[in-house]
Amino acid sequence: MATLSWSLVLFLALVAVVVAGYPDINTVPPVDSPEVVAWLKELNLAAAPNISVNSVNPATNTPNCPVNQTNTEKNAACHSTCSDCHADDIISCSAPLTWGLTFDDGPSEITPSLLDFLKSKHLKASFFLIGSNVISNTDTIKRQLAEGHHLASHTWSHTALTTLTNEQIVAEMKWTEMAVMNATGKRLKYMRPPYGDIDNRVRFVLKKLGYTPVEWTSDAFDTNDWKIPANATADDLTLAATNFTNTMKKYVASAKTNKGFYALQHDRTIESLNLTQILIAKKPKTLNVNNIPGCEGGASYQVISSNATTTAKHPTGTPSGISAVTPVVATTTVDVLTSVSPVPAATTTSVSGSTVVVNNPNDAVSCTRSIGWTLMASVLIAALLSV
Ligand SMILES: [Zn+2]
């Protein structure tokens, strides 16, 4: 028992070192910590739209759509998940004939290999980082920056934001921002909501924090890499690439190439890395590839004021973008690439002969949590063996 106790102490100490100064990983951060209280003091959220916090479907981690909503209420909420409403979110790359290359849910253990690949192809990507993954992979995000890639936010715990309170959204965004800023000195500007889940209340809070949401163009541009089962064969991957390859061909042949697209891709499994390599190889020659700054131009990061406080190194005063907050017009955005047919969900059943793990689109929580538990279990076992 004594041996086990010491092992547990060592294990807990190691975990504490990993997350020192930060909230628990893969968990919505508390809103009563000194850091979050200080951040909230700097913001005026009083004018946030009065839109209810959604409940969560525990099977998918996505929000349950409100029932008995009137059209007026639907328009006021402009909920991406339930109404396919995108307001002024960026959903298309502004550069013509361009694949906006973005990777969600990292950094992970396969990210360095992805960086090797991108370097070999002279490609630049944007990485939507999960704060919980950043704090144990700071060398990776420093490398991403050094090699010309672009960093953006994918929240702290990868929780659907319409299921969180305004204060919890602030905590999710600011802890991630702080983790990246502490490692790189960069203050993130762009973000992708987990599961693409956003409404006008979330948009208001994000704008107060100076963030611009970027989604993927439509379901046709979801590479479905998150559906590929572990240990997929080369043939499985080639088959999985077929749908997106067809989407690229249709896009290039369409009359809608005056704007580019953003695809949904991840850097969290070897399968997602392998699929990326196949898709790049199958890319039509006329199709350009670029990251968000390459698509949108302008500043890649928020300006950091010189009078930073000692509280979590957060700039005082009004974060850039707050003064520009205006009510979001609740309109359903028409997909500029409507000539591209939605990709059928056949990939899920044809990828492999083995059982396909059907997660919710963009679901990273189960993955990152399992990685976290695996890591902790490994540390515990190592501690037990060492005594
Ligand atoms: Zn994600």
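Val180 touches Leu129, Val134, Ile141, Leu151, Lys186 and Leu188, leaving aside residues up to four places away in sequence; contact here means C-beta atoms, placed from the backbone, within 7 Å. This is a predicted model, in which local features need pLDDT of at least 70 and side-chain atom pairs count only at pLDDT 80 or more, while totals for chains, interfaces and linings use all residues. Residues are numbered from 1 along each chain as its sequence is written.

Val180 belongs to the largest nonpolar core, which has 67 residues; Leu129, Ala152, Val170, Val180 and Tyr262 touch the most other members. Helix α8 (residues 166-184) gives the most to this core, with 9 residues. Such a core is a set of buried Ala, Val, Leu, Ile, Met, Phe, Trp, Tyr and Cys residues joined through C-beta atoms within 7 Å. A residue is buried if 20 or more other C-beta atoms lie within 10 Å of its own, exposed if 12 or fewer, and partly exposed in between, with C-beta atoms placed from the backbone. Helices (H or I, at least four residues) and strands (E, at least two) are DSSP runs, numbered from the N terminus.

Strand β6 (residues 150-153) is covered on both faces: His150 and Ala152 are buried on one side, Leu151 and Ser153 on the other. In a regular strand the side chains alternate between the two faces of the sheet. Strand β5 (residues 126-129) pairs with β6 in the parallel sense over 4 bridges, and Leu129 stands opposite Ser153. Pairing requires at least two bridges found by DSSP.

An open sheet of 3 strands has parallel pairing and the order β10-β3-β11. β10 (261-262) and β11 (288-290) are at the edges with a single partner strand each, so one side of each has no neighbour in the sheet. Strand β3 (residues 98-100) is joined to β10 by 2 bridges, and Trp99 has Phe261 as its bridge partner in β10.

Back at α8, helix α2 (residues 34-41) packs against it at an angle of about 110 degrees, with the axes 10 Å apart. The two helices are therefore roughly perpendicular, a class that covers 65 to 115 degrees. Val36, Trp39 and Leu40 of α2 meet Glu167, Val170, Ala171 and Lys174 of α8.

Helix α9 (residues 200-208) has 8 of its 9 residues buried, so it is largely enclosed by the rest of the structure. Its buried residues pack against α3 (71-77), α8, β8 (190-191) and β9 (212-213). Just after α9, Gly210 takes a positive phi of about 85 degrees.

Technical notes
Contact = placed C-beta atoms within 7 Å. Axes fitted to C-alpha atoms, helices over the stretch in contact; angles between N-to-C directions. Parallel < 35°, antiparallel > 145°, perpendicular 65-115°, else oblique.
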